Every structure is written in C-alpha cells, then in structure tokens.
Amino acid sequence: MSEIRTDSFLAHPPAKVWRALTDPVLLATWLMPNNFEARLGHRFTFITDPVPAQGFDGVVHCEVLALDPPSLLRISWIGGPGLNTTVTWRLTPEGTGTRLLLVHDGFDDTDPNQQATMRILGGGWRGHMARRLELTLSEAR
C-alpha cells in the first residue's frame, strides 16, 4: 500500500487549525462542500466535480474514525472504483503555531487507477489545498 504524507507549519494556534478541519463551513472553504460533524462514527460526504473517465461520480464517502481534539482527526475516504483509503491529520503545537502532519494512506500499489489518483490527490494536498487552508486560517477569526 502507498501513502501521501505532508508536513507543514501553520502560523496559527492548534485550536484555530482544528476549527478549520472540523467546522463544516470552514472545511468547505478550503477542501470541499460537506456535511461533516466532529463526532466519532459520523458518516458524511464531500462533493466535488465528477471524473467519469476514472469512474468517479464526484462524491467522496467518509466516516469519522478517530477524533482527539485538538490533536488528531482520522476519516475514511472512499470514492471511485475500489478506492478505500484513510486521511489522518495530526496537529502539534510548535511555538506560536501548529505543525500539521497529513497522511492519506491505503492506495493499492498494483492498481494503475489508484496510483494516478494518489498522484492527483498528493499534488492537491501539497499544493492548492495547503494554500487554501492557509488562506482560510488567515481570514478566519
């Protein structure tokens, strides 16, 4: 199995970063529209553009698997044919900011479609999602 890992420093306190990860309105501003609730076992969806060529209907089915405010959030991430992965965020105070570690794991090394999806998602987690999260944090009170 393969995984995506990111490690970033955010110049915001852990409580503020936690809120951006768990408040559905803020989460929608940097990730995707959703019906998230910070409750263990809660099933929810993210909605994005479909990719018919990949068999993806635009819906990511998720469940809150672990919740330890304000330091750990783990969700299932199921979308498209055969893609059944998890995303884990770990927050650690660092000075006046937060170290945010993300691990998106469970990609099948032998499935070319999953490897392509992993490359696309990896670019998103490291690129525009990271920038949008920083912008959301900068604009949030």
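This note goes through a few local features of the model, point by point.

1. Basis of the note. The model is a predicted one, in which local features need pLDDT of at least 70 and side-chain atom pairs count only at pLDDT 80 or more, while totals for chains, interfaces and linings use all residues. Residues are numbered from 1 along each chain as its sequence is written, and side-chain values use heavy atoms, with hydrogens and water left out.

2. C62. This residue sits in strand β3 (residues 59–68), where helices (H or I, at least four residues) and strands (E, at least two) are DSSP runs numbered from the N terminus. With a relative accessibility of 4%, C62 counts as buried, the term meaning under 20% relative accessible area, against over 50% for exposed and partly exposed in between (1.4 Å probe, protein chains only). Beyond its neighbours within four places in sequence, C62 is in contact (heavy atoms within 4.5 Å) with H42, R43, F44, F46, I75, S76 and W77.

3. Aromatic residues. Rings of Phe, Tyr and Trp (its six-membered ring) pair if their centres lie within 6.5 Å, with planes under 30 degrees apart counted as stacked, over 60 as edge-to-face and the rest as tilted. The count by this rule is five aromatic pairs. For F46 and W77 the ring centres are 5.6 Å apart and the planes stand at 40 degrees, so the pair is tilted. Because F46 belongs to strand β2 (residues 43–47) and W77 to strand β4 (residues 72–78), this pair ties together parts that are 31 residues apart in sequence. Both F46 and W77 are buried, and one aromatic cluster is formed by F36, F44, F46, W77, W89 and W125.

4. H12. Placed in the loop between β1 (2–10) and α1 (14–22), H12 is buried, with a relative accessible area of 9%. Its side chain is joined to that of E134 by a polar contact of 2.9 Å, that is, a pair of N or O atoms within 3.5 Å of which, within protein, one must be able to donate a hydrogen and the other to accept it, residues adjacent in sequence counting only if both atoms are side-chain atoms. Leaving aside neighbours within four places in sequence, the contacts of H12 include V17, T96, L137 and S138.

5. Helix α4. The buried residues of α4 are M129, L133, T136 and L137. They pack against β1, α1, α2 (24–30), β6 (97–107) and α3 (112–126), whereas the face turned away from the buried side carries the exposed residues R131 and E139.
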